[in-house]
Every structure is written in C-alpha cells, then in structure tokens.
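Open the model in your viewer and keep the selection panel at hand.

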Amino acid sequence: MTALAHVPTPTGQPAAPPPLPRGGRRRLLPYLLLLPGAAWLLLFFAVPLFQLAAASLYDPSGSLSTGYALTWAFGNYPDALQAYWPQFGRSFLYAGIALVLAVLMGYPLAYAIAQKAGRWKSLLLVCVVAPMFTSFLVRTLAWKTILSDNGWLVGLLRDVHLLGPDGRLLATPVAVVLGLTYNFLPFLVLPLYASLERLDYRLLEAAGDLYASPVQTFRRVTLPLSMPGLIAGTLLFFIPATGDYINAELLGTPNEYMVGNVIDSAFLVRLDYPQGAALSFLLMAAILAVVFVYLRRAGTEEVL
Amino acid sequence: MRLTRWLADHWVMGVALLVLGYLTLPIAVVAALSFNRPSSRLSYDFNEFTLDNWQRPCATSDMCDAVVRSVQIGFIATVVATVLGTLMAFALVRHRFTGRSGINLLIFLPMATPELVMGTSLLALFVSAGVPQGFWTVVIAHVMFCVSFVVVTVKARLAGMDRRLEEAAADLYASPWQAFRLVTLPLVLPGIVAAALLAFSLSFDDFIITNFNAGTTITFPMYVWGAAQRGIPPQVNVIGTAMFAIALLLVGLSSLRGRRTRRVGLPAAPATGRRAKSPS
C-alpha cells in the first residue's frame, strides 16, 4: 500500500523532465541533512578560530598552570614577529622557490599526461598520486637516505664539482626546498592535468595552421586555456607548503626552521600560547593576503 | 635533422618521465630500506640485505601499537565523516534552501586553511574548555578536516547522476525509500566508497593537526616523528611499503571493476546518457 500511495503523486507538472518536486513538508529536510555536518564544522573549525584569536591577545605573562587573562594584548603580534621574522620570512621564501620549481616540473608532466600519453594516461596518473599512498613522514625520511653524505647523489655532485669535496645536500636549504617541492607537487599537477585534459588539440593545430610558432602557440593558446588549473594548483601547493614544518625539521637544521617549527615549539615545548597563537594568526593573514593579491593579478577572482 | 624533429616532439615526455622519477624515487627507497639492516640506529644508509624486518614487523612493539591506534582513529573518523559528509552532499545537490553560499563557504574553508592554523586553534579551544587531549580529541579533529573532502567527492558523483533513473523507479511503483535503496544508493555508492577511502588515508597520514591535539596518544605519524630524533627502526619502512602495496592493490581492483562494469553495462543501455554510466 505504501508503494501505491507514493507513485503517481500528481504534482501538476508534465511528465517529461520535471523540476525537483517540492512539498511543504520537505522544506525542512535539507536543514536536517545539513545539521550534523555543519554543526561539527562550526564547533570544531569556526569557533576554534575565534578561540585562537582570543589566545593571541592573552596577557603574555600568564602561563598554562596559572591561567591566562584576556587583556587584548595586541603587543603580542609585533613581539612575536620581531622575535621570529627570519623563520616567518623563510616560510614564504622556501614555499615560493618550491612553487616555482614545482610549476617548472609539474607543467610539462601534466601536459604530457593530458596530451601525449595516449593509453598510458591512467598508469602515469597513478604514478603521480603514488607518493600519497605511503606515509608523508616516511617518504620525507627517504630523502634523508637519498641526500645522505654517503649517498650516490652527493658522490656524483662532488665528482662533477657541483659540490665541493665537503659539500652537503642534507641539512641545507636545498634539501628543505627539494622536500617541499616533492611533497606538494601532486597537488599542483592534478588540477593542472584536469585543465589540460579538456584542452582541444585542434585549437593547437589551428594555431599552427595560422603560422604560430610552438612558443607562440603555448603562450597564446595553451597557457591561457590552462590558467584555471594552474591557479588552483598553485594555491593547493602554496598554502600547505607555507605552513609545513616537517621538511624543515627532518631535512634541515634550526638554521632552516620555518614559522611552523616555531609555532610547534611555542605550543608544545615552551607552552607560550599567546605567542604561538599570534604567529599562527599572522601566518593565516599573510597567506590570505598573498592569495588575494595573486588572484587579483591573475585576474580570476571567481576561483574563490 | 630527424633527430631535432624527434627531440622537438618528445622532449615534453622526456621531462615528464624525469619528474615522475623524482616523484617515485622515495617510494623505491622506502621499499629498499624495508630490507635493510642498518649499521647503527641513526644511520639512514643502505647497509645489508635482510628479511628480518618483514618477518618481525612488530619487533618494536611501540610502533605496532601506534599503527593499531592510527587504524582505530582512522576507522572511527572515516565512518563519522562519511555519514556527515554524505548527508550534506545530498542536501546540497538535491535540495534548494536559503543559506547555501554560507554552507558552501563552511565546507570550502577547512580545505583552504593551513593545517597549522586548524591544529593550533583546536588546541586553543580544547585547552580553554578544559578538555583533556587524547584519543577522542584526535578523532574530533580528523572528522573535522575529512568532512569537506567527503562532501566534495560525493557531490561530484551525485551531480553526475541521471535523475531520470529515480523517476523511472517511481514510475515502476517503488516507494521513495525503495527508490533510494535500490536505485540511488547503488549508483552513488562508488562515490561514497571513494570518499571513505580518501578520508581514511587523510586521517591515517595526518601529522600536523594530530600533533597539536593528541596529548600523550601516539599515532603512527607521531611515532615516526618522535623516532626520527632517537633513530628510526627499519620496520617503519615495512609499514610504509605495506601501506603503499595495499593502496596500489585497491586502485588496481577498482580499475579492474570499472573496466568490467563498462564492458557489461554499455550494450545493455546505450542511450541512457554518458553521465549516469561513467564508472569508478
């Protein structure tokens, strides 16, 4: 009987493709479906951001055991920045260099998979995401082996005199930047690939027919058409790379520490919550500012 | 002349293969190191071949405890995040309601926020609310950052689904519940499974957010982090290699299945529109 009761439901619409049937009772349904997830995100994502803002304005003379008082101590911000501006700047410098390297490597890779790979396409795509199949920390540690002073890579570079006889790769900025590039490269390649895959090959042929050189074709046709993927990919790369401190810790030394290392120790070792919170907030604000300026200049604000 | 032509045609592929080498080299190193007997605790160089690590993966029992704990956390977080995210995806694709852009923003922002900021802000919340950090605060954090990825994945699958199939079910006297269970759910299920796998791998591998909210609870990534200072047992590479093999197996199985359904499915209903059929 229930089956019969529901079937015809004459909504007055023609039979062809009816728009979603809307009953009065069903108006509540979407909110019920959204409620648990939205509540979780509000409570454990949005509210904590306010809590972090509050913590960044705590009286810096307090401590975890005696408790903190919210004294609107805006001085925490300049103090934290003054103490740790090298680490702060290094985060953006390393992430920026890694981003340039990643674009130089990721663009040919995405292009080759999308346009040249033919039936090997899926296999090559699996290779791109393969690093994510194993633990982030374990594969970052693998770089310690590859870049080791006794490894073949350092030996080779010493032999061709790119490195001095005592030259090292491990525990240098080079290792940290290489690690960052490696760890976040798939995030750049995947959206770029999605963009390039949709690129119509006939447009490139048309450009050639109209006497465009390969370089011109790339600059005037391929690059503009792949821009949405490139922008999405660079953001997906840059945001986590700036906030990363695993590479700096495992592949670098305290001379390569990024702001994440400082925030980690502020919260977990030195237990200086106001300073850690202020640095965290500064990091987020700086990333947002960079992203905003970037999207402005790239001219596609609709990405966000 | 011929050589320059060939180079002009193929240099992109050459660069691409070099980059792929860069991306896959560390995995090969992890696999090789899983068969290594290190010369000392702090050495990362390949020393001598051995099968010991594979035969006794739990020789350092702390590590296996950490792996088990990561699996438990990953499992609970995946179930909760998949349910919450799937419900949200249904609401977003199937219903019209006011406040949609706000909800979309709430789902998008966690994916665009640095983990560091999410981790520290949750810590600030738990400390000020007096919640002791441990197993369950990690679960809460993991559900939080997995939900958005579940919503996005399930939404993509739902949006590509042909609504006429459900209407056909209704025409054939299926109740809404029957139509959902017999038509909608089987069609969306691959999306839900993919979302759950993604959520599990995000949870299992998370370090930064976990590190701020775990208290004294040790997950596998946290164990590796701590061990990196004291010397890494080679069994860590066994776990890394095994994870990789399992993930590869899952991808292989799903692509085999996709190929089969495509072969079986295509002749049966050639005209139903490509979107509803596309497998995986």
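In which loop of chain A is the place of Trp72(A)? Select Trp72(A): this residue is in the loop between helix H2 (29-55) and H3 of chain A. The model is a predicted one. Most residues other than glycine have a negative phi. Now show the surroundings: Trp72(A) has 10 C-beta neighbours inside 10 Å, and therefore counts as exposed, the limit for that class being 12 or fewer.

Next, select Leu271(A), in the loop between helix H11 (259-268) and helix H12 (273-298) of chain A. Leu271(A) is not a glycine either, and its phi is positive, at about 50 degrees. Because 13 other C-beta atoms lie within 10 Å, Leu271(A) is partly exposed.

Colour chain A by domain. Domain 1 covers 100-243 + 250-257, and domain 2 covers 259-298. Between the C-alpha centres of domain 1 of chain A and domain 2 of chain A there are 25 Å. Six residues from domain 1 of chain A and seven residues from domain 2 of chain A make up the contact. On the side of domain 1 of chain A that touches domain 2 of chain A, four residues are nonpolar, two are polar and none is charged.

Now bring in the core. The largest nonpolar core holds 146 residues. To find it, select the residues with the most contacts inside it: Ala110(A), Leu188(A), Phe237(A), Leu279(A), Ala81(B), Met88(B) and Val147(B). Helix H3 (residues 76-116) of chain A gives the largest share of this core, 15 residues. Domain 1 (100-243 + 250-257) and domain 2 (259-298) of chain A both contribute residues, so the core lies between them.

Stay on Leu279(A) and list its contacts. Apart from neighbours within four places in sequence, Leu279(A) touches Ala80(A), Tyr84(A), Val259(A), Val262(A), Ile263(A) and Ala266(A).

Finally, show both chains. Here 71 residues of chain A are in contact with 70 residues of chain B. Several helices of chain B each supply at least two residues to the side that touches chain A, among them helix H3 (61-94), helix H6 (135-159) and helix H11 (235-268). By residue class, the side of chain B that touches chain A has 55 nonpolar, eleven polar and four charged residues.

Notes: Residues are numbered from 1 along each chain as its sequence is written. Chains are lettered from A and ligands numbered from 1 in the order in which they are written. This is a predicted model: local features need pLDDT of at least 70, side-chain atom pairs count only at pLDDT 80 or more; totals for chains, interfaces and linings use all residues. Domain bounds come from an automatic or database domain assignment. Two residues are in contact if their C-beta atoms, placed from the backbone, lie within 7 Å. Ala, Val, Leu, Ile, Met, Phe, Trp, Tyr, Cys and Pro count as nonpolar, Asp, Glu, Lys and Arg as charged, and the others, Gly among them, as polar. Helices (H or I, at least four residues) and strands (E, at least two) are DSSP runs, numbered from the N terminus. A nonpolar core is a set of buried Ala, Val, Leu, Ile, Met, Phe, Trp, Tyr and Cys residues joined through C-beta atoms within 7 Å. A residue is buried if 20 or more other C-beta atoms lie within 10 Å of its own, exposed if 12 or fewer, and partly exposed in between; C-beta atoms are placed from the backbone.
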